[in-house]
There are 4 protein chains.
Amino acid sequence: MSSRTERPDLAELRNKLHIAPFHRWLGLNIVDLTERELIIEMPWRDEIVSNPIIGAAHGGILSTLIDLTGLYTVNALGGIGRATADLCVDFHRPATSGPLRAIGKVVKLGKQLSVAEARIEGSDKRLLASGRGAYVA
Amino acid sequence: MSSRTERPDLAELRNKLHIAPFHRWLGLNIVDLTERELIIEMPWRDEIVSNPIIGAAHGGILSTLIDLTGLYTVNALGGIGRATADLCVDFHRPATSGPLRAIGKVVKLGKQLSVAEARIEGSDKRLLASGRGAYVA
Amino acid sequence: MSSRTERPDLAELRNKLHIAPFHRWLGLNIVDLTERELIIEMPWRDEIVSNPIIGAAHGGILSTLIDLTGLYTVNALGGIGRATADLCVDFHRPATSGPLRAIGKVVKLGKQLSVAEARIEGSDKRLLASGRGAYVA
Amino acid sequence: MSSRTERPDLAELRNKLHIAPFHRWLGLNIVDLTERELIIEMPWRDEIVSNPIIGAAHGGILSTLIDLTGLYTVNALGGIGRATADLCVDFHRPATSGPLRAIGKVVKLGKQLSVAEARIEGSDKRLLASGRGAYVA
């Protein structure tokens with residue numbers, strides 16, 4: 001699988017991602033798009049913490065990343081996803097430092113509904129959370 | 001089911017909720033706790049918008065609300081939930097104004113794992129999103 | 001909520017349910033349909049056991065019940081569901097005797113997608129499993 | 001990743017799988033176990049049909065396959081899974097002929113909870129359904 005960082009629509013994808021105020025607040029950045037994966041990174045920011053004792057990011061932030069990475073993966077890799085129909089997330093380990101890296105893959109592109117999965121890794125590549133979204137066209 | 005707004009631990013629950021920096025950023029408020037439901041409200045803030053054309057809140061914000069409302073419901077109604085194991089959310093309608101009201105109910109309290117459900121309503125009481133979380137003790 | 005056992009389409013619903021060979025194998029019976037709930041029962045049969053030591057029904061059988069009860073609930077209560085898009089199930093307790101009773105409720109009827117939830121109770125009314133399905137129109 | 005069909009515990013795994021009466025009814029067979037995947041096949045049988053017009057297998061049968069394949073994957077690949085806590089399944093295409101092949105992969109092995117994913121392919125290798133289960137130790 002060749003990396004396609006020069007893919008002409010990567011800049012366009014970045015612009016689209018930043019139309020959403022919440023994505024700008026999260027400081028999201030599209031890192032790479034290959035034929036099979038979309039990779040989005042999010043820097044740490046202290047407001048996202050849920051448990052201040054261990055300094056762990058809120059599960060809702062990880063869910064947000066999985067949701068949007070799945071949606072952008074569908075749209076970047078040939079499908080049409082306008083909105084999230086539903087989302088399932090498993091939380092595996094506390095996310096205690098950034099950047100958080102979300103890797104999205106298409107599960108199935110459909111006419112009415114597409115499904116994508118995403119996993120979130122910390123800077124040490126350990127799996128922090130994973131899940132899947134279904135997106136309506 | 002009588003409303004128990006005077007329930008002595010409601011203030012304590014509010015304090016706990018605000019230990020999390022992300023909960024403070026969201027401006028969460030515990031509105032009511034009855035024998036069967038916990039109600040949490042979140043005011044609108046412009047940073048949570050995903051789609052700026054219709055001004056809809058990000059699905060990740062709704063997922064956050066369902067996640068935390070389920071967790072606090074488990075703990076407020078007799079169970080022990082330390083962390084979210086997994087989360088499933090269905091998105092029903094765009095959330096375009098606040099406050100957003102999340103209503104949590106226990107599905108099953110368990111020794112290892114408890115399950116709670118939550119629904120989110122807009123100010124017109126229409127159902128915006130709903131889902132369920134499983135929480136490890 | 002008045003029970004509407006005389007609802008004219010209950011017989012029709014039973015016929016539809018039994019078009020599916022797997023539903024006939026399961027011996028499903030529609031017990032009641034009210035304005036808010038559809039209730040389906042399944043007798044015990046020894047082939048459905050997963051764990052023979054405690055004689056517990058297979059989680060896949062409980063998932064089947066939740067899936068089909070949600071689908072029939074959507075169609076019985078004003079929506080259109082042709083096929084299941086996705087399904088989430090939580091397993092709460094082993095199901096060790098029958099009949100198993102599934103109670104379905106509509107969460108949201110939509111043009112493209114409807115969501116229904118269902119819970120399964122044993123003969124002692126204890127909650128055995130619960131979940132939700134999303135159904136495409 | 002070398003295929004390890006000679007792995008000594010494959011016969012043992014087959015025996016364990018067949019302890020469950022429902023697994024015997026389904027005619028399940030463990031086809032292969034590698035370092036990363038467990039593959040289970042199920043022959044067609046007419047009782048599993050949901051929609052007799054197109055002859056499609058019931059979604060509950062596909063859910064069953066995903067559930068059990070995830071559980072056996074956890075146990076075959078170093079984890080401990082005693083029972084399914086919850087299950088999420090996406091249905092992608094009708095399954096209209098057999099054998100159905102389920103391929104399981106570990107997502108995360110944990111002390112309290114392990115997560116595995118599984119996909120189901122038809123004889124033409126097309127993706128029919130996919131999902132993930134969380135299993136308590």
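**Figure 1. The chain C–chain D interface.** In this predicted model, 29 residues of chain C are in contact with 29 residues of chain D. Two residues are in contact if their C-beta atoms, placed from the backbone, lie within 7 Å. On the side of chain C that touches chain D, the elements giving two or more residues are α2 (21-26), β3 (49-51), α3 (59-76) and β5 (83-91) of chain C. β5(C) gives the most, with 9 residues. This side of chain C divides into 16 nonpolar, 8 polar and 5 charged residues. Ala, Val, Leu, Ile, Met, Phe, Trp, Tyr, Cys and Pro count as nonpolar; Asp, Glu, Lys and Arg count as charged; the others, Gly among them, count as polar. Helices (H or I, at least four residues) and strands (E, at least two) are DSSP runs, numbered from the N terminus.

Numbering and confidence apply to every view. Residues are numbered from 1 along each chain as its sequence is written, and chains are lettered from A and ligands numbered from 1 in the order in which they are written. The model is predicted: local features need pLDDT of at least 70, side-chain atom pairs count only at pLDDT 80 or more, and totals for chains, interfaces and linings use all residues.

**Figure 2. Strand β5 of chain C against strand β5 of chain D.** The two strands run antiparallel and are joined by 5 bridges. Two strands pair if DSSP finds at least two bridges between them. C88(C) has C88(D) as its bridge partner in β5(D).

**Figure 3. Strands β2 and β6 within chain D.** Strand β2 (residues 37-42) pairs with strand β6 (residues 100-108) of chain D. The sense is antiparallel, over 6 bridges. E37(D) has K105(D) as its bridge partner in β6(D).

**Figure 4. The chain A–chain B interface.** Here 29 residues of chain A are in contact with 29 residues of chain B. Elements giving two or more residues to the side of chain A that touches chain B are α2 (21-26), β3 (49-51), α3 (59-76) and β5 (83-91) of chain A. The largest share, 9 residues, comes from β5(A). This side of chain A holds 16 nonpolar, 8 polar and 5 charged residues. β5(A) and strand β5 (residues 83-91) of chain B pair in the antiparallel sense over 5 bridges. D86(A) has D90(B) as its bridge partner in β5(B).

**Figure 5. Chain A on its own.** Chain A has 3 helices and 8 strands. Along the sequence, they follow the pattern α-α-β-β-β-β-α-β-β-β-β. The C-alpha trace spans about 45 × 30 × 30 Å along its principal axes.

**Figure 6. Confidence in chain A.** Mean pLDDT, the predictor's confidence in each residue from 0 to 100, is 93 for chain A. Of its residues, 94% reach 70 or more. Over residues 1-8 of chain A the pLDDT is below 50. The model scores ipTM 0.93 and pTM 0.94.
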